[in-house]
Amino acid sequence: MARWHIKAVLLDMDGTLIDTERVYLESSIAAFSALGYTDGVAALCHTMIGIPGPECQKMMRAHFGPDFPIAEVNRLFAANTAATLAAGMRLKPGALALLDAIEAAGLPRAIVTSSSRRTAAQHLAAAGIDGRFDAILTRDDVSRGKPHPDLYLLAAARLGTPAQACVAVEDSNPGVAAAHAAGAITLMVPDIVQPTEETRQCCAAVLPDLEATIDLLAANGVLRSPRRSGEPGAE
């Protein structure tokens, strides 16, 4: 397999490194239901995965009408989310192994998230990985969030490399669209929503988990080949 000449790694946060998307989905549906909104809610919430908050608000108004009580839904959503995440911020399986492998390879790395800077800081700290990135790019840093490429282009610039020399790891269709449009080699590890056919065409690979991501990057010369349990030299 040909080696990829990668100079940096760009990582989505929610649903990719941290297991928060299911919490967001359940909290959103509960908030809608508490106010009596049930028609098309599940499908709408799935569509909003990976989309910045302000854009989600526009989608809600388009779906329910201009009088939709967004402030109250946001309040209930925040309360539901906080109560669930207070029990612990879980990393996705393989997240620490991936970060360790990237660090061992000496590659700069950045978080590229649709969350706000405040939320990103809170979640990364709660998950214990806040000090492991050279840059953290959030929706607050650009005027156009995902699926536009702006965040990924800015992240690559912050790391001092062209986006074409970066590999991006995403879990959502809008995230893949953003990374691909920026020119990054894009890998998808689906979380809740499976890739559309258009998304698959934008990906160098669609992978089942982050361990498989490590294996692929090692096979392409980006990371060192990891030792698995039971292999010689493995603990």
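Me: Which is Phe-68, buried or exposed?
Reply: First, this is a predicted model: local features need pLDDT of at least 70, side-chain atom pairs count only at pLDDT 80 or more, and totals for chains, interfaces and linings use all residues. Residues are numbered from 1 along each chain as its sequence is written, and side-chain values use heavy atoms, with hydrogens and water left out. Buried means under 20% relative accessible area, exposed over 50%, and partly exposed in between (1.4 Å probe, protein chains only). Phe-68 has a relative accessible area of 5%, so the word is buried.

Me: How many aromatic pairs does the structure hold?
Reply: Rings of Phe, Tyr and Trp (its six-membered ring) pair if their centres lie within 6.5 Å; planes under 30 degrees apart count as stacked, over 60 as edge-to-face and the rest as tilted. By that rule, the number of aromatic pairs here is 6.

Me: What kind of pair do Tyr-24 and Phe-77 make?
Reply: Their ring centres sit 5.9 Å apart. The planes stand at 50 degrees, so the pair is tilted.

Me: How many residues apart are Tyr-24 and Phe-77?
Reply: Helices (H or I, at least four residues) and strands (E, at least two) are DSSP runs, numbered from the N terminus. Tyr-24 belongs to helix α1 (residues 21–34) and Phe-77 to helix α4 (residues 70–85). The pair links distant parts of the chain, and the separation in residues is 53.

Me: What about the rings of Tyr-37 and Phe-68: which kind of pair is that?
Reply: Their centres are 4.8 Å apart. With the planes at 75 degrees, the pair is edge-to-face.

Me: How many residues apart in sequence are the parts that this pair, Tyr-37 and Phe-68, ties together?
Reply: Tyr-37 lies in the loop between α1 and α2 (41–47), while Phe-68 is in the loop between α3 (53–64) and α4. So the pair ties together parts whose separation in sequence, in residues, is 31.

Me: Which residues do ring pairs link into a cluster?
Reply: Tyr-37, which is partly exposed at a relative accessible area of 23%, is one of them. Buried Phe-68 belongs there too. The cluster linked by ring pairs is Phe-32, Tyr-37, Phe-64 and Phe-68.

Me: At what angle do α1 and α4 pack?
Reply: Axes are lines fitted to C-alpha atoms, for helices over the stretch in contact, and angles run from 0 to 180 degrees between N-to-C directions. Angles under 35 degrees count as roughly parallel, over 145 as roughly antiparallel, 65 to 115 as roughly perpendicular and the rest as oblique. α1 and α4 are therefore oblique to each other. Their axes are 8 Å apart, at an angle of about 135 degrees.

Me: How many charged residues does the contact of α1 with α4 have?
Reply: Contact means heavy atoms within 4.5 Å. Ala, Val, Leu, Ile, Met, Phe, Trp, Tyr, Cys and Pro count as nonpolar, Asp, Glu, Lys and Arg as charged, and the others, Gly among them, as polar. Residues making the contact include Val-23, Tyr-24 and Ala-31 of α1 and Val-73, Leu-76 and Phe-77 of α4. By class there are 10 nonpolar and 5 polar residues, and the number of charged ones is no charged residues.

Me: What does Ala-31 touch, not counting residues up to four places away in sequence?
Reply: Ala-31 lies in helix α1, and it is buried, with a relative accessible area of 0%. Glu-72 is 41 residues away from Ala-31 in sequence, yet the two are 8.4 Å apart in space, C-alpha to C-alpha. Under that count, Ala-31 touches Val-73, Leu-76, Phe-77 and Asn-80.

Me: What do the buried residues of α7 pack against?
Reply: Those buried residues are Asp-150, Leu-151, Tyr-152, Ala-155 and Ala-156. They pack against β1 (8–11), β2 (109–112), β3 (135–137), β4 and α8 (173–182).

Me: With its neighbours within four places in sequence left aside, what is Thr-161 in contact with?
Reply: Thr-161 sits in the loop between α7 (150–158) and β4 (166–170). It is buried, at a relative accessible area of 9%. Its contacts are Lys-7, Ala-8, Ala-156 and Cys-166.

Me: Which residues does a cis peptide bond join?
Reply: Look in the loop between β3 and α7, where Pro-147 has its place. Omega is about 15 degrees at the cis bond, which joins Lys-146 and Pro-147.
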